Amino acid sequence: MGFDKWDKTNEVSKAAVNLVMGGTAIFVMISGYMFNHVFSENFNYKKFLVKKFRNVYLPFVFMSSIFLLRRYLKGMNVNVESVLHHLISGQWVVGYWYIGFAMLLFLFAPVYKYFEKISFVNQIFLMLILFVFSVFIARPTESISQFHSLLYYTPFYLLGMFISQHRQVVLTFLRSYKYLFLTIAFITAGFQAGFEEELGNYHHDFVLDAGVDYMLIQKLFLCLFFIGFFQKFENRRLLILDRIGDTSFALYFLHPFFLYLYYDFIRVHMPTGNVFIFLLLWLTITSSSYGFAILLKRILGKRSAYFIGW
């Protein structure tokens with residue numbers, strides 16, 4: 001959304017961007033939590049894959065076909081090889097890279113299930129090793145290498161599973177130190193803004209000497225903070241959060257349409273580094289996606305799941 005043109009002379013603005021970007025790590029952690037919470041018992045791998053293919057990959061193919069038509073009508077290069085590459089990498093559409101990565105997560109579900117069987121101490125040791133590994137490989141260039149993404153985000157997925165599996169012990173610890181975690185996250189975002197050339201996410205080819213990925217460190221501590229902080233709301237139901245949770249995949253699949261729709265406005269205003277403009281755009285795109293998802297749900301009924309994932 002134009003962060004590459006954000007004001008890079010203002011350290012506070014840069015730190016704010018660092019905090020806002022990279023939310024995928026938090027989403028992956030939540031996905032790991034839900035995987036353990038829902039499938040800790042009675043896990044059927046075949047049914048699991050069929051459901052994920054139907055509710056995640058099929059909507060991805062359908063929505064991608066619309067962007068394929070858009071590319072063709074604009075005279076852009078479209079051939080069998082590029083189509084197949086997109087169906088694996090999601091290269092044509094903003095954010096669609098996540099689907100190929102998510103399908104790999106689903107395919108490796110039995111491996112992640114094995115994590116639940118090892119001891120508490122070994123789980124912590126394994127996560128530490130993987131986080132150290134990830135902090136040096138960074139995210140893949142253009143986020144289109146799915147196996148690279150799988151390696152990078154696996155420790156966040158395992159962290160979510162770990163928190164779910166050992167909920168009482170871990171949540172007590174996180175609740176006690178949540179503001180320390182938040183402080184470390186802010187310090188890390190500020191350090192990156194002041195001393196690193198990278199703004200936001202680090203992207204590199206698969207090498208181990210690309211330097212330290214401070215975004216990963218920051219997002220790790222933000223994950224720990226959010227889990228510790230939101231415990232106080234676990235027994236409360238907020239309608240807006242319920243609705244967003246129910247429509248999350250639909251919002252994900254639809255938001256690129258509105259992102260492109262508002263692109264000219266974004267291109268003009270985002271370089272100013274105006275946080276208010278960014279928040280307004282985020283709210284506009286999210287509400288537009290939500291409204292359109294509701295409309296499609298009313299028209300298509302249960303069949304909408306095959307088209308927009310809800």
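Buried here means under 20% relative accessible area and exposed means over 50%, with partly exposed in between (1.4 Å probe, protein chains only). The model is a predicted one, so local features need pLDDT of at least 70 and side-chain atom pairs count only at pLDDT 80 or more, while totals for chains, interfaces and linings use all residues. Residues are numbered from 1 along each chain as its sequence is written, and side-chain values use heavy atoms, with hydrogens and water left out.

Aromatic rings come first. Rings of Phe, Tyr and Trp (its six-membered ring) are taken as a pair if their centres lie within 6.5 Å; planes under 30 degrees apart are stacked, those over 60 are edge-to-face, and the rest are tilted. On that basis the structure holds 46 aromatic pairs. One of them joins Phe39 and Phe43, an edge-to-face pair with 5.6 Å from centre to centre and 75 degrees between the planes. Phe39 counts as partly exposed at 23% relative accessibility, and Phe43, at 22%, also counts as partly exposed. Tyr152 and Tyr153 make an edge-to-face pair too, because their ring centres are 4.9 Å apart and their planes stand at 90 degrees. Here Tyr152 is buried, with a relative accessible area of 4%, and Tyr153 is buried at 2%.

Some rings also have a charge over them, which requires NZ of Lys or CZ of Arg within 6 Å of the ring centre and within 35 degrees of the ring normal. The charged end of Arg70 sits over the ring of Tyr260, 4.7 Å from the ring centre. Lys297, for its part, lies over the face of Trp310, at 5.1 Å from the centre of that ring.

Next, the nonpolar interior. A nonpolar core is a set of buried Ala, Val, Leu, Ile, Met, Phe, Trp, Tyr and Cys residues joined through side-chain atoms within 4.5 Å. The largest such core has 61 residues, and Phe156, Leu159 and Ile163 are the ones that touch the most other members. Helix H8 (residues 146–165) gives the most to this core, with 10 residues; helices (H or I, at least four residues) and strands (E, at least two) are DSSP runs numbered from the N terminus. Beyond its neighbours within four places in sequence, Leu159 is in contact with Met29, Met127, Phe131, Leu220, Cys223 and Leu224, contact being heavy atoms within 4.5 Å. Another core lies apart from the largest one and has 7 residues, including Leu199, Tyr202, Tyr214 and Met215.

Thr24 is found in helix H2 (residues 24–39) and counts as buried at 19% relative accessibility. With neighbours within four places in sequence set aside, Thr24 is in contact with Trp97, Tyr98, Arg139 and Tyr153.

That leaves the salt bridges. Side chains of opposite charge can pair when their charged atoms come close. With a side-chain nitrogen of Lys or Arg required within 4 Å of a carboxyl oxygen of Asp or Glu, the count comes to 2 salt bridges. Lys14 pairs with Glu11, the closest N and O atoms being 3.6 Å apart. These two residues are 3 residues apart in helix H1 (residues 11–20), so about one helical turn separates them. Lys14 is buried, at a relative accessible area of 10%, whereas Glu11 is partly exposed at 40%. Lys113 forms a salt bridge with Glu116, with 3.0 Å between the closest N and O atoms. Lys113 is buried at 12%, and Glu116 is buried at 14%.
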